[in-house]
Amino acid sequence: MREITYRQALNEALAEELERDPNVFLMGEEVAEYHGAYKVSQGLLERFGPKRVVDTPISENGFAGLGVGAAMVGLRPIIEFMTLSFSLVAFDQVVNNAPNMFMMSGGQFNIPITFRGPNGPAHQLGATHSHATESLYANAPGLKVCTPATPRDAKGLLKTAVRDDNPVLVLEAELLYSSKGMVEPPDAEVLIPLGQADVKREGSDVSIICYAQTVPLAIAVAAQLEEEDISAEIVDLRSIKPLDEATIFNSVSKTHRAVIVEQDRPFCGVGAEVCYRIQKNIFDQLDAPIMRVSQEDVPMPYNERLEKFVLPNADKLMAAVKKVCYA
Amino acid sequence: MQRAEQRDEVEMLALMLLIRRFEERASQQYQAQKIGGFCHLYIGQEAVVVGAVAAVRDDDYIITAYRDHGHALARGTSPNACMAELFGKATGCCQGLGGSMHFFDKKNHMYGGHAIVGAHVPLAAGMAFASKYREEDRVTICFFGDGAINQGSFHEALNLIALYKLPVVLICENNLFAMGTSVKRSTSLKQIVDRAEGYDIPGDIVDGMNFREVRDKLSEIVTSIRKDPHPAFVEIRTYRYRGHSMSDPASYRTKDELEKYRLDDPIIRLRAQLTREGKLTNEQFDALDKKAKETALAAVKFAESSPELPVEKVYDYAYLNGPMEPGRPRPADLEQKRREGAPAPKAQS
């Protein structure tokens, strides 16, 4: 194991999959000559050439659709959105073409495509550039959605996504690109199955269910809670769809209390779905109502103080945990 | 040499007749409520797709919009499978899961059947991108209507196709109306082909009521693309005799206009050409037409007597290689277990 950044882990995943399968190509804005807006594709043009690492004009709908068409005839495109906020321009291709083709064609055309890029609110980018898109995409049957929070998860989930025969969105955490973590050496194949949550910290009093940018937040809060004699277990969903119910249920059956903390907005969000499934399946295990911590239900303001107010934060999470623990 | 051409043209006339008679039957069955959803008929436009099919190889990629019955039939999808698809039956070309607007036939290189206007033009770019990526000499033929040319996806795709020099023939089937809105009311251009100029793509205008003109122009274009991959744009001027869909009485146009085009019917025209040249007798034509009618009727009978997919099969077409969630049994596995007599495990949702 060695310590690398989240960005470097993604870069390794891309390079390894491009190397492994000649049908894989990477396409998007600034991915080649500029090395990626966030430098995730650094060095790939030099290594794989312009046929496999392809710059596009600013035409998200166009190149996302190009990827879907290429996937229909057997290529395995990796389509990078400079941010998932821009994928909204390509919503029709991602939601109406990629996942529907298999059903509409009676099983003749599966679409092995990966859509990826930074997702979720970053820092003072204003309303148009701060979208967390997981609940939008998880709502469409036929799509798979994963949200890695660590370098190792980022590498393993991206590699698995590229090999999946269905459309997969890898929603990278914009604020975590420079974060570091331990990952196996490059010659060891890291593959993390979609649909497996990961217990990032064991605990006995409360389950904090989180993903992507809220994982480091939950870890920090768990350390604070420890000082107050509250033992929090941290369940990192890693995949939103498929959703690992078993790991969630096991954790909540042990702690009997749950707080869901998500980077997304609250209405019809991931937390709502998780909450529904817990109460439906293990209602008797609960000692307190489930709490959710998410964004406030407003477009993201630019002002730093207001943005902080809108986002989930340590104070809100602490308060929610104490409420379910009646502490 | 001449014999082959002669045979081909008679075959192509038979194909146009098949499409016409198939659609007349589909119209009748729709009115009898055997066919659900929307149903857009191609009657009047047959020479466009048949002319195109006559000009390309069987392994070239074909993709179109929602007025797609003719494209599948021309490509070789069986009339039975097409009619069964309209009836929503398991024997349909998409097992009854796509319907009228979503005909796919992978074996015959028919890539849909796409019902969001303009959204398939980027897909055509991707198919052609793949051909170029693999260094194949395949050509992608992308059909769309005059309504698509004002959609953003169309413009983004044309720029990408031109920028990457992709082997695509963009065929605008200009039937003068996007649903009920005439081209004059929807498009700022004097002629649609000028869209191509904006992307530095060579463009042509072809009379879509004349099979030979369509075939000959597309042959010339496809030959040129095979030598050196590049895009081309063809505005094919045609006319649909029926409304936009079955529910449209087409009151936005005059009877005189419709009659004018009916007199220029592509089937009558090719028949006259062949008869004049001594390649087709009236008896031969009548036999072709009789056969087309019989085939269409047989397709209805086939569709009527075909089974539907069992409801639990829907879960098998959300993802390839399910199950979707770990630990959750696939519905097909549950069915298997039930057949084996074991009690079905309780699925969580």
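## Close-up views of a two-chain predicted model

**View 1. A salt bridge within chain A.** The side chains of Glu184(A) and Arg152(A) meet in a salt bridge at 3.0 Å, N to O, the term standing for a side-chain nitrogen of Lys or Arg within 4 Å of a carboxyl oxygen of Asp or Glu. This pair links distant parts of the chain, 32 residues apart, with Glu184(A) in the loop between β8 (180-183) and β9 (198-201) of chain A and Arg152(A) in helix α7 (residues 151-163) of chain A; helices (H or I, at least four residues) and strands (E, at least two) are DSSP runs, numbered from the N terminus. Over all chains, the rule gives a count of 50 salt bridges.

The model is predicted, so local features need pLDDT of at least 70 and side-chain atom pairs count only at pLDDT 80 or more, while totals for chains, interfaces and linings use all residues. Residues are numbered from 1 along each chain as its sequence is written, chains are lettered from A and ligands numbered from 1 in the order in which they are written, and side-chain values use heavy atoms, leaving out hydrogens and water.

**View 2. The open sheet of chain A.** Seven strands with mixed pairing form an open sheet in the order β3-β2-β4-β5-β7-β6-β12 (chain A), where two strands pair if DSSP finds at least two bridges between them. At the edges stand β3 (53-55) and β12 (239-241) of chain A, each pairing on one side only, and the twist from one strand to the next averages 20°, with axes fitted as lines to C-alpha atoms (for helices over the stretch in contact) and angles running from 0 to 180 degrees between N-to-C directions.

View 3. Strands β4 (residues 76-80) and β5 (residues 114-119) of chain A pair in the parallel sense over three bridges, and Ile79(A) stands opposite Phe115(A) in β5(A). Helix α3 (residues 60-72) of chain A packs on the sheet, touching β2, β4 and β5 of chain A, and its direction makes about 170° with that of β4(A); contact here means heavy atoms within 4.5 Å.

**View 4. The interface of chain B and chain A.** The contact takes 44 residues from chain B and 56 residues from chain A. Between the two chains about 4,000 Å² is buried, 61% of it given by carbon and sulfur atoms, this area being the accessible area (1.4 Å probe) that two parts lose on being put together, summed over both. Across this interface the rule finds zero salt bridges.
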